Amino acid sequence: MKEIEEQEIQELESQEYFINMGPQHPSTHGVLRLVLSLDGEIIRKVEPHLGYIHRSIEKMCEHDSYQQIIHLTDRMDYLSCHMLNEAVCLGVENGLEVEIPERVKVIRTIISELTRLSSHQLWWGVMGMDLGAITTFLYGFRDREMITDIFEETCGARLTMSYNIPGGLMFDIHPNFQKRTKDFIVHFKKKLPEYDKLLSDNVIFRERTRGIGVLSKEDAISYGVTGPSGRGSGFSCDVRKHNPYSAYPKVEFREILREEGDCFARYKCRIDEMWESLNIIDQLIDNIPEGDYKVQTRTVIKLPKGEFYQKVETARGEFGVYIISDGMKSPYRLKFRSPGFSNLSALDKMSRGCKIADLVAIMSTLDLVIPDIDR
Amino acid sequence: MNGIIKYFKDIYYGLKSLVTGMAVTGHYITHPKEIITQQYPENKDTLKMFDRFRGEVVLIHDENNEHRCTGCSACEVACPNGTIEIISKRVENEEGKKVKVIDKFVYHLQMCTMCNLCIPACPTDAIKMSQDFEHAVFDRSKLTKILNKPGSKIMAGVK
Amino acid sequence: MKFLYDFGYLTGSIHEWLSARMDPPVVTLVETIIVAVCFMILFAVLGLVLVYAERKISAFFQQRLGPMRVGKWGTAQTIADVIKLLFKEPLVNKDADKFLFNLAPYIIMISAFLAIAALPFAKGLHALDFDIGIFYVSAVSSLGVIGILLAGWSSSNKYSLIGAMRSGAQIISYELSVGLSLLTIIVLTGSLQLSTIVESQADGWWIFKGHLPAVIAFLIFMIASTAETNRGPFDLAEAESELTAGFHTEYSGMKFAFFFLAEFANMFIVAAIGATVFLGGWMPFYIGGFTGFNAVMDFIPPIFWFLGKVAFMIFMMMWFRWTFPRLRIDQLLTLEWKYLLPINLVNIVVMAFIGLMGWHF
């Protein structure tokens, strides 16, 4: 007779089941597949599966010249494309050690802040829509329309701008640029309090976001969550303050920090950042210095051998470009540090113990753009 | 007692926030003049895009059906993904020398990303971006366009 | 045009015309058939008008124009939608329970029909005048829950089941609030019969006569009835951005149209009940004592008063839907059991006291 051995059998808890928030889902902001393991309505584990929109941009950059890389970076985080372009241009300009005219720096900063505003407006609209208030989507897009009109008149395109080139800008700003921007600031300063009245002060919204998805400061630092999501937990990580670039040393603005680390804190960080962006543009729009709009570089740009890193603050967090060059006309290797990837890795930690409806709220406040994560 | 006061205060502030929210949307339904959408296919006659809008690349022809393209292939080199193909041929000009002249300017509209890198690269300003954005066709071969009409080149074009 | 003011003339003359030709049982049968056909036409017209109204109103809230192309100003849009739904393939899941799957939409429609038959549309246009009117309407509209639960269960789909369970819990909880807030006014009228309730508002609507407790009861009724019909901020059973359409995920074609239609019919029913009990049914806006003013108000036929009040209530429900975010299931149940129910009970006691002392108008 055989001995009966004691064995440990691994079993699922009897009530748990798996649900797929599949690649096509109205609230995952792109193609992201989340495998949730649920117990009734409580989430026990979230596993993101990425790669549905991987287009091997980093590999393509190894065959393109430095001017041609710019139009590829547009398509990664398409809501803050100007800042991504600026990152690559600054990296190349630092490598070539050229001096950029003041005019270019100021214009780049103004357009960066306008891009940040338009990204936050779209985020606000989508956040309301995910939680059920569908009208906010249309209001966000209505306000964003003025910014895309400014871009269309100056750069020629509404979403994928490719306006920066290594050495400066592709062409000078349109004569109407200043007037349009000033009109927009006046108009938006009246509309932004409406955002508060419609969503921030609403009792239903507060009940759905207060105390949900708490991320402590130590967790934010160890997962590398930057941008407004990290600043909502108290992690001071604004690249514009710690490593300023372009015209940021010249302007006065506050870094918005909050202590609670829940969804409402991240939400308020972004709304307050919109006010700060309006402030920055106000300071710069009347004082654009005269000068050239670009520095003449060679047609074929070759960076000296070495490694160059440049980071900028996009609407989602800290974006970094790491270029390894071996002296040829294309980089040997190009790596992008995308903010969405690190922010997404903290999703599991934040959503244990919440319900499905809370998961939707948490993902909205993280402000993920999946092409940025998958590249 | 504090619990009861807090209960009623919660109800009061909650209701007040709801009514303020309703006032915002109520404002928009009572002001239909502020509607911002356009009826697109019906307003095509009055629709005007901005000058710098990137629709598609065209070769500029003047009224004598002449263009300025020398066939130097600077745009083909600048284009990141091979959208432009320049096919040139050698002909004899008036002085008896063999010069390179453009035969066909092939433009693959299906691959173009409208990145605008080709326009500043052209040394003779022969190409520009038009504002035409309606590119949908039923037959894919119509998207491969030959940009130069049967014409010739005007003088003083530099390589 | 006399019949427009009192439909009794029209129904009376039809009855005489039929009785002169046939025996009484056949007359009853023919009248039943006529009434049934009228209600079916009413349902169809209701669906058309309400869907179009919802699309246009939501568009104006969102600063856009809504349907404009099909028909002048988009009026034929709903007809085009219905034709599209008729052409769709009626798919059934392989694992679904076929009998229950096909039965569920019909149960919802049947409960809507039963409830609509008891509403007083105008003077003399009242199909089923029971003396337990309100009780009957409440009871019958709760049959709709069975349809939703059957739909969720028989789809053999995890999402549908979650949605149906949520919806079941929600509807059962909020029925309490609806019933109690209606009871607040019944305390004053003293009768459950719908026509008596309307007649008793001949010198002013209950929402004015009952002052503060009636206003509170009206607000609670509005909130609870939006929750009853799975609309507005309480629509997590079909939350599009979370569970991709909830309990009717697996339905397509005409059966989906039935669910859709039943939601709008339910909205009409609760708006009509609210208009009857709180806002005076088909009574014009009288102020007791101002006979000249009352004569002017009498000029508009009662059926238009009724439809106007129902339209106002439906507009308020749509306004709620397009402004507020959604509530989570536990917040919804908290709202009902911790806030609405206690306030309702206290309100009834206060109203009973007011009724006893005669402090209402």
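How many residues of chain B are in contact with chain A? In this predicted model, where local features need pLDDT of at least 70, side-chain atom pairs count only at pLDDT 80 or more, and totals for chains, interfaces and linings use all residues, 20 residues of chain B are in contact with 19 residues of chain A. Contact here is about C-beta atoms, placed from the backbone, that lie within 7 Å. On the chain B side, Helix 1 (residues 2–29) gives the most, with seven residues; helices are DSSP runs of H or I with at least four residues, strands are E runs of at least two, and both are numbered from the N terminus. That side of chain B divides into 11 nonpolar, seven polar and two charged residues. Nonpolar covers Ala, Val, Leu, Ile, Met, Phe, Trp, Tyr, Cys and Pro, charged covers Asp, Glu, Lys and Arg, and the others, Gly among them, are polar. Residues are numbered from 1 along each chain as its sequence is written, with chains lettered from A and ligands numbered from 1 in the order in which they are written.

Now for chain A. There are 15 helices and eight strands in it. Its radius of gyration (over C-alpha atoms) is 22 Å, close to the 21 Å that the globule rule (2.2 Å times the number of residues to the power 0.38) gives for 375 residues, so chain A is as compact as a globular protein of that length. Its C-alpha atoms fill a box of roughly 90 × 55 × 35 Å along the principal axes. As for contacts in chain A with a separation of 6 or more, 70% come from residues 24 or more positions apart.

Conventions
Contact = placed C-beta atoms within 7 Å.
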